[in-house]
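Hi! Here is the structure I promised to pass on to you. Have a look at it first, and then read my notes below.

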Amino acid sequence: MPSRWSQIIGPAQRHFRSARAKKIVEHLPQIRQGSVIDIGGSLKFWRELDHKLNPARVTCYNLHQGRMHMGEDPAKSKVVAKIYDGKRVPEEDQSADVVICNSVIEHVPLEARKGLAGEISRVGRSWMVQTPSPLFPLELHFGLPFVHWLPRALGRIVVRVSPFHLLSGANGPKYFDETRLLSKRELMALFPSGQLVVERVFGIPKSYLVFGGADFAADQVGTSQEAER
């Protein structure tokens, strides 16, 4: 049964994911009827967005079965769900039309992020990486404003009163230790050939999306980049 926290944030998550799906299709139309590798994804994500993204097949890799299934029955999903070691994706070079990595890289240890970026560009002929912006005042993982702007030691204490910690049944301080948001500069350093698109709420950057790959046409994001400049 979903936690009270999941029930509360579910409508907002679906809204933003639906809007993000439109951006993905706009910039990566090859996702429709294409082969997709989702690194760090979940069956829930594809249940909600499969009809919008409409891929021919999806292979989802995650470190943990629970995080991948998220209460979904894998037998009822068309997604092929696989556990991997978090290092090398067991796929051939350029084997996927599109690689998706959505709200994952901020949970990857700092020393492993470059390796993940390399795997994304290795296995995908095109790709999209999304991560929350640290400029947004509400830390969306915890439902608490400004906690990500505090010194790490203080933030770890404050998340004990966050809606996430109180309502999800999870360990807030542990999750805080595992979550480090990336600045725009840090993200683009990992994907220097990528093209940035910014999701905004009330004019404030909420999330960053980076598109790239050999099959990605950079001029498709011109309008979004103009808004960012």
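**What I found**

Just after α2, asparagine 54 takes a positive phi of about 55°. Asparagine 54 does this although it is not a glycine, and its place is the loop between α2 and β2. Before I go on, some background: this is a predicted model, where local features need pLDDT of at least 70 and side-chain atom pairs count only at pLDDT 80 or more, while totals for chains, interfaces and linings use all residues. Residues are numbered from 1 along each chain as its sequence is written, and side-chain values use heavy atoms, with hydrogens and water left out.

Back to asparagine 54: it is partly exposed, because its relative accessible area is 30% (buried means under 20%, exposed over 50%, and partly exposed in between, with a 1.4 Å probe and protein chains only). Phenylalanine 146 also has a positive phi, of about 70°, and is not a glycine. You'll find phenylalanine 146 in the loop between β7 (144–145) and α5 (152–158). With a relative accessible area of 44%, phenylalanine 146 counts as partly exposed.

**The whole protein**

The protein has nine helices and nine strands (these are DSSP runs numbered from the N terminus: H or I over at least four residues for helices, E over at least two for strands). How does the radius of gyration fit a compact globule? A compact globule of 229 residues would have one near 17 Å, and the protein has 17 Å, so the two agree. (The radius is taken over C-alpha atoms, and the globule rule is 2.2 Å times the number of residues to the power 0.38.) The C-alpha trace spans about 45 × 45 × 35 Å along its principal axes, and 45% of the 229 residues count as buried.

Now for contacts, meaning heavy atoms within 4.5 Å. Of the contacts with a separation of 6 or more, 62% are between residues 24 or more positions apart.

Which residues are buried in helix α2 (residues 43–53)? They are Leu43, Lys44, Phe45, Trp46, Glu48, Leu49 and Leu53. These buried residues pack against α1 (4–27), β1 (35–39), β2 (57–62), α3, β3 (80–83) and β4 (98–102).

In helix α4 (residues 113–123), the buried set is Arg113, Leu116, Ala117, Glu119, Ile120, Arg122 and Val123. Their packing partners are β1, β4, β5 (127–132) and α8 (184–190). Keep this in mind when you look at both lists: an α-helix has 3.6 residues a turn, so residues three or four places apart point the same way.

Histidine 69 sits in helix α3 (residues 65–69). Histidine 69 counts as buried because its relative accessibility is 16%. Leaving out residues up to four places away in sequence, histidine 69 touches Leu43, Pro74 and Ala81.

**The cysteines**

How many disulfides are there? The count comes to zero, taking a disulfide as a pair of cysteine sulfur atoms within 2.5 Å. The sulfur of cysteine 60 is 10 Å from the closest cysteine sulfur, in cysteine 101, so it is too far for a bond. Cysteine 101 is likewise in no disulfide, with the sulfur of cysteine 60 as its nearest, 10 Å away. Cysteine 60 counts as buried because its relative accessibility is 0%, and cysteine 101 counts as buried at 0% too.

Happy browsing!
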